[in-house]
Amino acid sequence: MTQQPVATSNKLDAAVLKVAGVVVLGAIMSILDVTVVSVAIPTFMREFDASYARVAWTMTGYTLALATVIPLSGWAADRFGTKRLYMTALALFTIGSGLCATADTIGELISYRVLQGLGGGMLMPLGMTIMTRAAGPHRIGRLMAVLGIPMLLGPIGGPILGGWLIDTASWHWIFLINLPIGAIALVYAQLALPKDNPEPSESFDFLGMLMLSPGLALFLYGVSSLPEAGTIAETKVWLPGLVGAVLVVAFVLYSFRPRHPLVDLRLFANRNLTIATVTLVVFIVAFMGAGLLFPSYFLQVRGESTLTAGLLMAPQGIGAMLTMPIAGMLADRVPVGRTVPFALLFIAAGFFTFTQLDADTSYWLLCGSLFVMGLGMGATMMPIMTSALKTLNAQEVARGSTLVNILQQIGGSVGAAVMSVLLTSELNGSRPIPGLTDPSGKEVTQAGLAIAAQQEPELLKQFPVPPELIERGLDFAASSFASVFWVAFVLVLLTFIPAALLPRRRQPQLDGQQPEQPATPVGIH
């Protein structure tokens, strides 16, 4: 196989752009799918008659599956070849999407979302590998600008697209839309991606994977079962929670033994990586967890359509789109310790508005707050990730990137589970309406009826109650959302503690790093 001459120009030629097109298509599917589903949660609650905590597993299961395959993708790419593996990931994601649309129960939907996540988790890291090989390391910056398109458009377009599809067709179409895109991407990948020669790679830590992934899933399942069970003494709460915690602790103790562990915790000996990672995880738990609640408030308390809820979420994505490119440029020139705390102030200011929610808070105020939060988010995540990887040498960057990616997904999963548990617990505290029960014989609460009536006004014909009771129910629901946002707000404030320890001076380059090359890019889901 003849070696391609090294390009002297920084411009992206047609051959590289052709490969980039495949990767962008895959990234659009993977990233849009996370944000599209966020506006569908109340629809799933109604369609499958499930609690918020249960339905949130459609997001939690997906992100846990992402975390499972991220470390596998690097090893498998060397072992089986990037083209073959990328097309397998595309096929898995597309098949998973089709199956999601056929789900009859919430359990089936969660299972199919896990299958989707197994494919989606490999698309971004594999796509970055393919693009870097196609263009060479000296053009990674320009390639990341191309890949940044779906990263920036996802938070804006996802909720709007999801809302429009649910309103005009049905929830099934938020998954069915991936089928034609996936089919086109598979044909495009077959034609555009260069053949590669797989080579034997370092051994994969299967034992570590068997401990960490089930451990996290079991622990989060136990936590998520708490609101429905009502007590920690229930077997379905404490047993999976305890087994999961034991498996995670066992993994932590074991991970220092193998030469190539699933997650290399030895990298935490690097102070800068540790501080940046702690900052990132605390931030992700707060921001990603609470992020699922924003559209739910518009849908459940304000009674908006899913399309309107998606449009109301757009200011957050617009804010991030404005600051992310600027933050990317500054990350190479200004120490992150000088920029990230300033960006966190924007996020804290935006979050504070949501701690004051009631049933008729001004949309101008809420959309303005989402825009301010978006400005902060765009200037926070990528600089922290850059800081985490900047002081690692060339041999450590790949393992550091894997570590940061996995902890990011775990943080998102924990945040989604914890915030959904808190919201369900708060809503469960609403007063029951005397004499009213649902078809299953369960007491109907003021907040429960008020939320249901916002989506289906005809319910008030079946349950005739005074209008002031519905108003009290909506006020209680808004107060429940505000209580959960207080938790997220406090977590954002806690992020300032590790952020204050981020590097405030330019760091010297370590041996093995090439000064003109950026650190290995990290995908955002």
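Helix α18 (residues 381–390) is largely enclosed by the rest of the structure, since eight of its ten residues are buried; buried means under 20% relative accessible area, exposed over 50% and partly exposed in between, with a 1.4 Å probe and protein chains only. Among those buried residues are Met 381, Met 382, Pro 383 and Ile 384. Helices here are DSSP runs (H or I, at least four residues) numbered from the N terminus.

A quick word on the source: this is a predicted model, where local features need pLDDT of at least 70 and side-chain atom pairs count only at pLDDT 80 or more, while totals for chains, interfaces and linings use all residues. Residues are numbered from 1 along each chain as its sequence is written, and side-chain values use heavy atoms, leaving out hydrogens and water.

Now for a helix pair. α10 (residues 206–224) and α12 (residues 235–254) have axes 7 Å apart and pack at about 150°, the axes being lines fitted to C-alpha atoms over the stretch in contact, with angles from 0 to 180 degrees between N-to-C directions. That makes them roughly antiparallel (over 145 degrees). Contact (heavy atoms within 4.5 Å) involves Leu 207 and Phe 219, among others, in α10, and residues including Lys 236 and Tyr 254 in α12.

As for salt bridges (a Lys or Arg side-chain nitrogen within 4 Å of an Asp or Glu carboxyl oxygen), the whole structure has one. The side chains of Asp 264 and Arg 266 form a salt bridge at 3.2 Å, N to O.

| Residue | Relative accessible area | Class |
|---|---|---|
| Asp 264 | 4% | buried |
| Arg 266 | 34% | partly exposed |

Definitions and conventions
Helix = DSSP H or I, 4+ residues; strand = E, 2+ residues; numbered from the N terminus. Parallel < 35°, antiparallel > 145°, perpendicular 65-115°, else oblique.
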